[in-house]
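Q: I would like to learn how to read some features of a protein model. Please take them one at a time.

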Amino acid sequence: MCRSKTEGGLGIRKLKDLQVAAYYVLAWDFLLSKDRLWVSWFQNRYALRPSYWNAVPKVLTDPWCEGETLLQKFGHRRVRRLGFSWSSLLSSIIIDGGWNFDLLQDEIFRPIKDYLHTLPVHARPDKFLWDGGDFNFKKAWKGCRTTYPEALWSSVCWGKARPRWSIHGLLLFQDRLPTMYNLQKRKVQLAPKCSNCLQQIDTKDHVFVQCPFAMNFWSWLKDTLGWTVDFSSIFIVEDLLLWFSSQTSTMIKTLLIGGFWSIWQERNRRLHGHSPTSTSEVARNILFEVFDVYNVSLKDII
Ligand SMILES: [Zn+2]
């Protein structure tokens with residue numbers, strides 16, 4: 001739930017991440033001695049040695065070599081021969097607005113010397129940067145949250161789809177819908193047969209792709225809209241997702257999510273004893289609802 005929408009979640013932020021990001025903001029204001037009452041009070045009360053808090057880059061351990069530390073770039077053996085301590089400041093190798101090459105006379109330091117020639121020294125005062133730019137709460141939150149790979153279904157799940165379709169799609173792609181098969185896995189004792197065809201086991205792939213009801217549903221849309229897809233080669237929900245996500249029209253992608261939702265609605269209606277609605281009527285209803293969302297008509301499409 002707390003993953004971003006592109007990662008397959010609902011885009012709700014974790015409270016713990018927000019709390020940590022808020023701490024970052026406080027620490028940032030403190031380091032930059034922002035003009036805040038609590039900062040002045042804290043500095044006077046606890047940080048009586050201001051130089052201690054002046055975070056000036058260290059020669060050995062700060063990543064001032066285009067994102068790398070000097071040790072990472074040139075190796076411990078060579079760099080330690082320069083004689084710097086862990087607390088040596090970068091400013092100790094800068095003199096008169098340029099690099100102090102006197103320290104690098106020995107031939108062993110030539111690679112470092114050559115590299116420094118390519119790095120200009122700015123006379124401007126040092127500035128705190130976050131992720132290469134200015135700091136803000138959003139960047140702090142991005143920095144402390146766990147990231148996940150992008151989910152393929154995110155491109156079809158959201159957009160203009162009705163929220164109930166999106167949430168349903170999300171549960172389907174995570175295989176968390178209460179199909180008979182899934183309920184049985186949770187030790188609920190039920191006959192695991194599909195209520196649309198009363199023949200096969202009610203798994204997500206059966207209900208939405210393999211069931212004759214689902215096959216007729218997608219075929220009706222294919223014939224009506226003139227799609228060239230060969231549904232006989234599609235066996236699982238992910239196959240269908242792949243075909244729809246490759247389409248350029250966002251309306252077609254929305255139709256997939258709306259289609260899944262209406263197949264599920266019909267399955268539930270039949271399961272709870274309502275009289276069945278024909279496949280073509282279910283498909284037509286969702287098609288016109290999607291048209292309604294995009295404010296188009298069948299004439300505009302074919
Ligand atoms: Zn079935």
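Predicted model: local features only at pLDDT ≥ 70, side-chain atom pairs only at ≥ 80, totals over all residues.

**Reading backbone and domains**

A: Start with exposure: K187 counts as exposed because 6 C-beta neighbours lie inside 10 Å. Residues are numbered from 1 along each chain as its sequence is written.

Q: What is phi of K187 near, and where does K187 lie?

A: Most residues other than glycine have a negative phi. Phi of K187, which is not glycine, is positive, near 70°. K187 sits in the loop between α10 (180-185) and α11 (204-210); helices are DSSP runs of H or I with at least four residues, numbered from the N terminus.

Q: Is N295 buried or exposed?

A: N295 is exposed, with 7 other C-beta atoms within 10 Å. Its phi is also positive, near 55°, and N295 is found in the loop between α15 (279-294) and α16 (298-301).

Q: How many residues has helix α1, and which residue follows α1?

A: The expected span of a helix is 1.5 Å times one less than its number of residues. Helix α1 (residues 15-31) has 17 residues and reaches 24 Å from first C-alpha to last, close to the expected 24 Å. S33 follows α1 and has a positive phi, near 50°.

Q: Which domains make up the protein chain?

A: Domain bounds come from an automatic or database domain assignment. Here they give domain 1 (1-55 + 128-151), domain 2 (56-127) and domain 3 (154-301). The C-alpha centres of domain 1 and domain 3 are 43 Å apart.

Conventions
Helix = DSSP H or I, 4+ residues; strand = E, 2+ residues; numbered from the N terminus. Buried ≥ 20, exposed ≤ 12 C-beta atoms within 10 Å, placed from the backbone.
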